[in-house]
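Please report on the fold and selected residues of this chain.

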Amino acid sequence: MGTADLHETISLVRDDLRDDLHAKAPEGTKALVGGPTAIFADINSANNRDLSVILPVAAGLIALILALLLRSLVAPIYLVIAVLLNFAATLGATVYVFQGLQGNPGVTFQLPIILYLFVVAIGTDYNILMIARLREEAREGHEPHQAAAIGVEHAGPTVAAAGLILAGTFGVLMLAPISFLQQMGFAVAIGIVLSAFVMSMFFVPALTGLIGHTAWWPGHGDERRVTGPQAPPEPVSVAEV
């Protein structure tokens with residue numbers, strides 16, 4: 001059975017056959033649909049339900065952790081928006097390649113939830129590395145735009161190297177003869193590349209620089225740190241005339 005036939009069969013069992021059999025079952029009896037296709041249909045329905053629950057819960061937990069880490073209510077908002085945009089862009093790129101260019105009927109139904117877990121988790125890690133560096137530079141007394149430039153200069157190579165290594169590791173799956181592994185390898189690899197080079201190295205620093213000091217509200221994450229005891233100022237001597 002080809003990929004197109006499998007998608008059509010799963011849709012038939014999930015959307016039409018199951019409900020029709022339940023409706024036509026004699027009173028007092030229950031009709032059940034079995035077989036591998038019915039199992040895949042159940043997994044598909046469970047994935048869709050889980051994704052509708054996991055997506056908002058994970059986003060809320062990530063925002064809470066970022067708020068506690070950064071002591072800010074503004075920065076976590078656009079950091080979560082960044083990872084969600086990255087997930088949407090990655091899923092869209094995967095659908096375009098495998099459905100639009102290759103002519104497949106669609107991507108495998110397990111892909112969105114797997115992709116969400118990988119891309120959101122990894123993208124959040126990269127964003128934390130970058131935003132932490134931006135906060136450190138702000139604490140050193142640099143203005144927002146300068147802090148963003150210095151932060152990208154110092155943290156950018158680390159994020160880029162980590163992204164390339166991990167993307168290359170998952171990209172190898174595209175050499176597999178199995179369609180599911182090809183889709184997962186492409187999707188996770190492109191998601192990591194977007195997380196590292198677009199979101200963490202461009203979107204987050206640029207937006208932090210544009211927002212300025214408000215990014216750390218209501219905390220004082222960009223206040224300059226005072227190191228060591230401060231000596232009292234010496235009195236100004238007045239020259240005798």
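In helix α3, the buried residues are Ala75, Pro76, Tyr78, Leu79, Val80, Ala82, Val83, Asn86, Phe87, Thr90, Thr94 and Phe98. Buried means under 20% relative accessible area, exposed means over 50%, and partly exposed falls in between, with a 1.4 Å probe and protein chains only. Helices (H or I, at least four residues) and strands (E, at least two) are DSSP runs, numbered from the N terminus.

This is a predicted model, in which local features need pLDDT of at least 70 and side-chain atom pairs count only at pLDDT 80 or more, while totals for chains, interfaces and linings use all residues. Residues are numbered from 1 along each chain as its sequence is written, and side-chain values use heavy atoms, with hydrogens and water left out.

**Overall fold**

The chain has six helices and zero strands. From the N terminus the order is α-α-α-α-α-α. Of its 241 residues, 36% count as buried. The accessible surface comes to about 13,800 Å², and carbon and sulfur atoms hold 67% of that. Accessible areas come from the Shrake-Rupley method with a 1.4 Å probe; for residues, only the protein chains shown count as cover. Take the contacts between residues at least 6 apart in sequence: 75% of them join residues at least 24 apart. Contact means heavy atoms within 4.5 Å.

**Two helices by length**

The expected span of a helix is 1.5 Å times one less than its number of residues.

| Helix | Residues in helix | Expected span | Distance between end C-alpha atoms |
|---|---|---|---|
| α3 | 27 residues | 39 Å | 37 Å |

Gly141 follows α4, with phi near 100 degrees.

**Tyr78**

Tyr78 lies in α3, which covers residues 75-101. Its relative accessible area is 5%, so Tyr78 is buried. Which residues does Tyr78 contact, leaving aside neighbours within four places in sequence? They are Ile131, Phe203, Val204, Leu207, Thr208, Ile211 and Ala215. Thr208 is 130 residues away from Tyr78 in sequence, yet their C-alpha atoms are 9.0 Å apart. The side chains of Tyr78 and Thr208 make a polar contact at 2.8 Å. A polar contact is a pair of N or O atoms within 3.5 Å; within protein, one must be able to donate a hydrogen and the other to accept it, and residues adjacent in sequence count only if both atoms are side-chain atoms.

**The salt bridge**

A salt bridge is a side-chain nitrogen of Lys or Arg within 4 Å of a carboxyl oxygen of Asp or Glu. By this rule the count is one. The side chains of Arg133 and Glu137 form it, at 2.9 Å from N to O. Both residues lie in α4, four residues apart, about one turn of the helix. An α-helix has 3.6 residues a turn, so residues three or four places apart point the same way. Glu137 counts as buried at 6% relative accessibility, whereas Arg133 is partly exposed at 30%.

**Met184**

Met184 sits in α6, residues 179-211. Met184 is buried, with a relative accessible area of 14%. Beyond its neighbours within four places in sequence, Met184 contacts Leu111, Ile114 and Leu173. Ile114 is 70 residues from Met184 along the chain, with 8.2 Å between their C-alpha atoms.
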